[in-house]
Amino acid sequence: MSTDAVAREAAVADPLARNKPVAAVKKVCAHCGRDDVGNDAAVKWDVPTQSWVVGTVYDCAAFCDECDGETELRDVPVELIISTPVVFSAVRLAEYVASHGFGEPLVEAFDVGRALFDQGDDYATVAAEIVTRGLTTQAEGRVRPFTVFVQQADGRGRVHISAQSALNEDDASVAALAEAAADWNTADSELEVLGVAMGDVEIVSWNG
Ligand SMILES: [Zn+2]
């Protein structure tokens with residue numbers, strides 16, 4: 001028994017099975033290959049669904065409009081194209097933006113990104129545009145927080161820790177040296193930068 005016949009029997013035995021996808025095929029004319037085909041069948045009135053349902057599909061009763069007469073039918077597999085709506089993913093955009101090395105997208109970057117995405121741009125293009133517009137946490141020309149550790153140039157004394165908002169590490173270092181010099185009432189030439197950390201670091205404990 002063919003798959004088609006099995007499905008048909010199941011459909012007759014279980015009315016609900018009619019709604020189940022059995023296989024994605026296309027019926028074509030065995031002679032000309034076109035799909036302008038049909039098959040004679042008997043229908044029965046179905047009270048629950050208030051509609052005619054196929055009762056019996058007659059064998060040897062297939063016809064082809066193209067060949068203008070009886071034919072045999074063949075099953076040709078078809079690929080079902082299920083179109084799913086493409087939803088903008090903020091997470092994906094953030095991943096693409098991060099790959100450029102300029103940090104995370106800013107909040108306003110997601111609105112811009114979504115608009116570009118809806119216009120048909122792909123994530124790579126949108127991310128490049130976000131970076132170009134400087135809409136990231138580490139965009140060039142954007143002030144960002146640093147934590148700078150300063151010590152006496154002779155390596156003695158305590159460590160001065162300060163938070164600096166600066167364009168880059170060098171600017172943060174200069175600002176930190178000036179701040180430490182003022183705090184310790186000394187010349188900044190007497191001091192040196194021990195280290196610079198990205199971000200406003202909270203020191204939990206420090207020995208020294
Ligand atoms: Zn035909």
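## Crossing helices: terms and model

A crossing of two helices is called left-handed if the near helix is turned anticlockwise from the far one by less than a right angle, and right-handed if it is turned clockwise. In this structure, α2 passes α4 in a right-handed crossing.

The structure is a predicted model, in which local features need pLDDT of at least 70, side-chain atom pairs count only at pLDDT 80 or more, and totals for chains, interfaces and linings use all residues. Residue numbers start from 1 along each chain as its sequence is written.

## Overall composition

The protein contains five helices and eight strands. Helices (H or I, at least four residues) and strands (E, at least two) are DSSP runs, numbered from the N terminus. Along the sequence these elements follow the pattern α-β-β-β-β-β-α-α-α-β-β-α-β.

Of the 208 residues in the protein, 13% are buried. A residue counts as buried if 20 or more other C-beta atoms lie within 10 Å of its own, as exposed if 12 or fewer do, and as partly exposed in between, with C-beta atoms placed from the backbone. Two residues are in contact if their C-beta atoms, placed from the backbone, lie within 7 Å. Among the contacts with a separation of 6 or more, 54% join residues 24 or more positions apart.

## The open sheet

Three strands form an open sheet in the order β2-β3-β4, and their pairing is antiparallel. The edge strands are β2 (37-46) and β4 (69-70), each of which pairs on one side only. Two strands are taken to pair if DSSP finds at least two bridges between them. Strands β2 and β3 are joined by nine bridges, and β3 (residues 51-64) is joined to β4 by two bridges.

Particular residues mark these pairings. Asp46 has Ser51 of β3 as its bridge partner. Towards β4, Cys64 stands opposite Gly69, and Phe63 stands opposite Glu70. Strand β3 is hardly covered, for one of its 14 residues is buried.

Asp68 belongs to the loop between β3 and β4, and its phi, near 55°, is a positive value in a residue other than glycine. Asp68 is exposed because 8 other C-beta atoms lie within 10 Å.

Most residues other than glycine have a negative phi. Cys60, which is not a glycine, has a positive phi of about 55°. Cys60 is found in strand β3. Why is Cys60 classed as exposed? Cys60 is exposed because it has 8 other C-beta atoms within 10 Å.

## Packing of α2 against α4

The axes of helix α2 (residues 90-98) and α4 come within 9 Å and cross at roughly 60°. This angle makes α2 oblique to α4. Angles under 35 degrees count as roughly parallel, over 145 as roughly antiparallel, 65 to 115 as roughly perpendicular, and the rest as oblique. Axes are lines fitted to C-alpha atoms, for helices over the stretch in contact, and angles run from 0 to 180 degrees between N-to-C directions.

The contact is made by Arg92, Leu93, Tyr96 and Val97 of α2, together with Tyr123, Ala124, Val126, Ala127, Ile130 and Val131 of α4. These residues divide into nine nonpolar, no polar and one charged. Here Ala, Val, Leu, Ile, Met, Phe, Trp, Tyr, Cys and Pro count as nonpolar, Asp, Glu, Lys and Arg as charged, and the others, Gly among them, as polar.

## Packing of α3 against α4

Helix α3 (residues 107-118) packs against helix α4 (residues 123-132) at an angle of about 140°, with the axes 10 Å apart. That angle makes α3 oblique to α4, and the crossing of α3 and α4 is right-handed. Ala109, Val112, Gly113, Leu116 and Phe117 of α3 meet Val126, Glu129 and Ile130 of α4 in this contact. By class, the contact of α3 with α4 has six nonpolar, one polar and one charged residues.

Arg133 lies in the loop between α4 and β6 (144-152). Arg133 is partly exposed because 13 other C-beta atoms lie within 10 Å. The C-alpha atoms of Arg133 and Val112 are separated by 10.0 Å, and these residues are 21 residues apart along the chain.
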